[in-house]
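The sequence and the structure are shown first.

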Amino acid sequence: HIKKLGWGSHEYAFLDIAAKLLIIAGTLTYPALARFLGCRQTATLLPAAACLTSAVAFLQQEDSFYGQAMHVCHALVFLAACGVMKVCFQHLTTLAVPPSMQG
């Protein structure tokens, strides 16, 4: 998969930075999203968004620039959604689990 894009280590380093920045941005928007949609709806929609972006990123494989750009963008959004899901599920755990059982 790494050879398919034909990129070097510098390009992948930039993608890693972009992924981390998107995870941070998504985590910062989680409180507003949870207030707007509600915690349960957010916890339902995040896995659906991750599934959709993962499917689009990896099922559509074109060798054109457009195909590569779509793959990279959807993979980055998938990683961000997964990062926000972690925060969301930790938040829901603190609400649902008694304090004596939390680690």
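## Lining of the second largest pocket

In this predicted model, the residues that line the second largest pocket are Leu22, Ala25, Gly26, Thr29, Tyr30, Leu33, Leu46, Ala49, Val77, Ala80, Ala81 and Val84. Two or more lining residues come from each of α2 (9-37), α3 (39-59) and α4 (65-96). The largest contribution is that of α2, which supplies six residues.

The pocket holds about 170 Å³ of space. Sorted by class, its lining comprises 10 nonpolar and two polar residues, with no charged residues.

## Helix α4

Helix α4 has 32 residues, which at 1.5 Å a residue should span 46 Å; the C-alpha atoms at its ends are 46 Å apart, so the two values agree.

The buried residues of α4 are Gly67, Gln68, His71, Val72, Ala75, Leu76, Ala80, Ala81, Gly83, Val84, Met85 and Cys88. As a general point, an α-helix has 3.6 residues a turn, so residues three or four places apart point the same way.

## Thr53 in helix α3

Thr53 belongs to helix α3. With a relative accessible area of 9%, Thr53 falls under the 20% limit and is therefore buried.

A polar atom of the Thr53 side chain lies 3.2 Å from the backbone oxygen of Ala50. When neighbours within four places in sequence are set aside, Thr53 is in contact with His74, Val77 and Phe78.

How values were computed: Residues numbered from 1 in each chain as written. Predicted model: local features only at pLDDT ≥ 70, side-chain atom pairs only at ≥ 80, totals over all residues. Heavy atoms only, no water. 1 Å grid on protein atoms, 1.4 Å probe; cavity = no way out; pocket = protein on both sides within 12 Å on 5 of 7 lines; lining within 4 Å. Points joined across faces, edges and corners; volume = space filled by probe spheres on them. Helix = DSSP H or I, 4+ residues; strand = E, 2+ residues; numbered from the N terminus. Nonpolar A, V, L, I, M, F, W, Y, C, P; charged D, E, K, R; others polar. Expected span 1.5 Å × (residues − 1). Buried < 20%, exposed > 50% of the residue type's maximum accessible area, 1.4 Å probe, protein only. Polar contact = N/O pair within 3.5 Å; in protein donor to acceptor, adjacent residues only side chain to side chain. Contact = heavy atoms within 4.5 Å.
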